[in-house]
Amino acid sequence: MRIFIFGLVFFIVLFTSAQNKYWVFLNSKDTAGYNPKSFFDPKAIERRIKNDIPLWDYTDIPVNSEFVNTLTGMSDSVLVASRWFNAVCLLASEYQINEISKLSFVSKIEQSQAGHFIIAEADENLESDYSISGFQNRQLEIMGADLFAQAGITGKGVRIAIFDGGFPNVDVLPCFKHIRDNNRIIKTWDFTRNKENVYGFNSHGTTVMCCIAGIDTSGNPFGMATDAEFLLARTEIGAEPFSEEENWVAALEWADKNGADIINSSLGYTFHRYFPYNMDGKTAFISRGANMAASKGILVVNAAGNEGTDKWYYIGAPADADSVLAVGGVDPYNTVHISFSSYGPTADGRLKPNVCAAGQAYAYGKIRPGVHYGTSFASPLTAGFAACAMQVRPNLKAYDMFLEIQKSGHLYPYYDYAHGYGIPQASYFLPDKKKESESKIEILMEDSDVVVNVSAEKGYNCVNDFCYVHCSNKDGLLAWYKVLRVSTNEVLRIKKSNFNQGDILRVHFHDKFNSYQF
Amino acid sequence: MKKILFVVFCFSVAHFVLAQTPVLDVAVEPYNMGRPENGPNGKRFVNSFIGMHFVLPTETNDAAPVKPLSTGFRFGIMNKFRFNDFFSIGYLLDFNSYNFNYSQSAKKTFPDTLIHKTQNIGLASIGTGLYFRFNFDVRRGDYLGHYLDLGAYADWLPFRNLYYNDKIDFGQIQHSRISRLNFVEKYQYGLFAAVGLNRFTIFGRYRISDVIKSPYHSAELPRLTIGVGLCLF
């Protein structure tokens with residue numbers, strides 16, 4: 001009995017005395033001596049000017065070091081100080097946090113707890129009808145990457161920050177030789193250990209980087225932004241670790257300071273910390289951080305998630321943030337939603353994912369190339385695309401670029417909660433390369449039925465092409481959406497009684513779009 | 001008749017050929033804007049569990065020398081009712097098996113004085129328990145999180161057997177079993193605790209009641225078992 005009681009007391013003490021993690025928000029900063037030109041990398045200054053962001057911004061001023069020192073003395077340890085939120089993330093006991101709350105410079109305290117960051121890599125044992133050969137081309141071909149390549153657009157001058165669980169062998173693999181030889185890995189930082197070396201640990205980051213900028217030994221690219229510059233941040237401990245959102249937010253600020261134009265992150269919070277209704281872009285701290293990064297002129301590209309076949313089903317945070325370009329996954333061969341890719345919309349009804357890209361990608365892992373599955377790889381393929389788009393339109397502001405990438409989607413202006421606006425197309429940014437098909441869509445009212453007919457352009461066999469159809473209600477929310485394999489001209493016949501006043505039926509076929517309002 | 005069949009056949013073929021094949025067909029469901037009624041962090045949650053435990057003798061008894069780490073297993077279902085993010089109560093129904101292996105030495109007097117190749121008392125119980133659950137990661141989604149369970153249990157022991165194996169001629173082993181041991185109580189009760197992280201638990205059970213009847217009290221079986229479990233959901 002004594003042992004049992006001892007054990008019981010031990011566990012109770014262990015649990016109840018455990019430190020909690022808190023964000024302590026501060027009410028002032030020391031603005032004296034702050035000089036943005038010496039604080040920021042010149043690329044960050046350049047980005048601020050391009051995006052009409054004032055160089056002197058209160059949120060850019062570092063947290064008052066005296067406050068941090070005081071908090072360090074009063075807590076168990078300070079983990080991160082966020083200048084954007086003027087907050088300090090620390091570990092403290094209940095007694096300590098009570099004492100901290102009494103400090104005159106503390107405005108509010110939020111409890112923060114570790115959750116799972118799920119790096120969005122799907123089960124690699126998914127069945128596929130496709131051979132490995134051709135994947136590498138296909139993941140780029142569906143975005144029209146050859147048009148960028150022919151025009152010499154390779155993301156030159158664009159700085160991309162990648163947040164991931166590690167980058168093993170990026171310093172030795174042949175697919176990154178062109179980047180290393182030109183010193184285009186600008187900075188690295190491991191936020192989990194506060195060390196510079198990130199070339200170890202989880203190989204997910206290596207694959208992600210390869211999808212942005214890798215080149216194989218024959219000179220064929222894996223991604224589009226082969227001439228981009230890189231900031232590599234290790235923010236995660238493992239593939240599904242107990243991880244910390246403060247690492248991610250700290251990495252955002254680090255990327256901002258070091259001049260990132262684009263941030264790619266292939267991870268997200270889901271059920272460990274949140275309920276689906278929390279995916280409103282405002283609840284998750286990480287989503288607020290992502291929106292803040294966007295307000296600093298950075299294009300944040302994030303994987304939608306791999307929960308499409310799971311109970312969670314929806315996108316995770318920070319893909320729910322309104323300024324984050326959430327990328328879903330498609331089968332690279334038929335360009336239709338791949339089963340595991342998470343669905344939108346957000347809890348407050350906004351369209352997510354915004355766009356989509358190949359959810360099966362051929363890229364280097366730790367040692368050799370192979371096929372990888374997950375929206376993790378759709379996201380960097382899109383980040384590489386975005387870098388090329390930025391090279392084409394260097395003066396476009398980040399949020400305008402976000403909108404332009406949406407418009408470049410192969411389905412635009414059609415959208416749905418599986419594909420967003422579709423796969424971004426290079427031809428949109430190179431207008432002289434854009435070809436229009438002569439296919440047609442008719443929406444006919446026949447007695448009690450609504451009939452959708454499509455016809456392909458002359459000489460075009462439309463069998464096995466896809467027709468996208470959705471119905472949105474008067475509030476703009478989709479009631480249903482379908483992708484139909486076209487085998488006859490009449491693709492859809494529905495009773496009129498299934499529609500309500502104000503509903504809109506929209507149809508996309510090839511690059512044509514038609515709609516009908518009831 | 002043949003004509004009719006032919007027409008029906010043609011119609012069916014045409015229907016299948018002409019029908020559009022939906023590759024994706026999604027009826028958008030509205031978000032559930034409240035917490036789920038049922039689920040790991042819902043108002044109610046039912047899950048089954050399995051586990052394996054080890055007997056931990058807390059004192060040496062040369063007369064009835066139970067080996068440390070004698071094993072057993074358990075399975076059952078548990079039901080949880082959440083009061084708030086920190087506190088829940090629940091009950092469980094479970095089956096437990098216990099296997100008390102006896103060292104064979106000259107000092108042994110229980111269950112008998114003979115030296116066997118192996119000897120053990122096997123008990124199996126069907127029982128119920130009530131528990132309080134304390135969750136330590138208050139901010140969580142539909143996820144069990146880190147928790148501590150404290151509770152009490154009561155068991156009925158329908159199976160109370162003594163097994164022993166002896167070497168006989170030609171190297172053969174003779175297996176023997178005595179069922180419905182009359183020196184073992186039919187009921188037991190005690191306390192239990194568990195610490196868990198989502199599906200994984202470490203649990204301990206401490207039996208308060210005696211299992212061995214008078215006049216064999218001195219041979220009372222070890223009271224403490226420690227085990228690992230897995231919640232299935």
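## Confidence

In chain A of this predicted model, confidence is lowest in strand E5 (residues 115-119), at a mean of 47, and highest in strand E13 (residues 324-330), at 97; the score is pLDDT, the predictor's confidence in each residue, from 0 to 100, and strands (E, at least two residues) and helices (H or I, at least four) are DSSP runs numbered from the N terminus. Over residues 124-131 of chain A the pLDDT is below 50, and this stretch has 6 contacts in the model beyond near neighbours in sequence, a contact being two residues whose C-beta atoms, placed from the backbone, lie within 7 Å. Where pLDDT is low, the predicted coordinates should not be read in detail.

Residues are numbered from 1 along each chain as its sequence is written, and chains are lettered from A in the order in which they are written. Local features need pLDDT of at least 70, and side-chain atom pairs count only at pLDDT 80 or more, whereas totals for chains, interfaces and linings use all residues.

## Strand pairing

In chain A, strand E1 (residues 20-26) runs antiparallel to strand E3 (residues 87-92), joined by 6 bridges, where pairing requires at least two bridges found by DSSP. A:Val24 has A:Val88 as its bridge partner in E3(A), and stands opposite A:Ile109 in E4(A).
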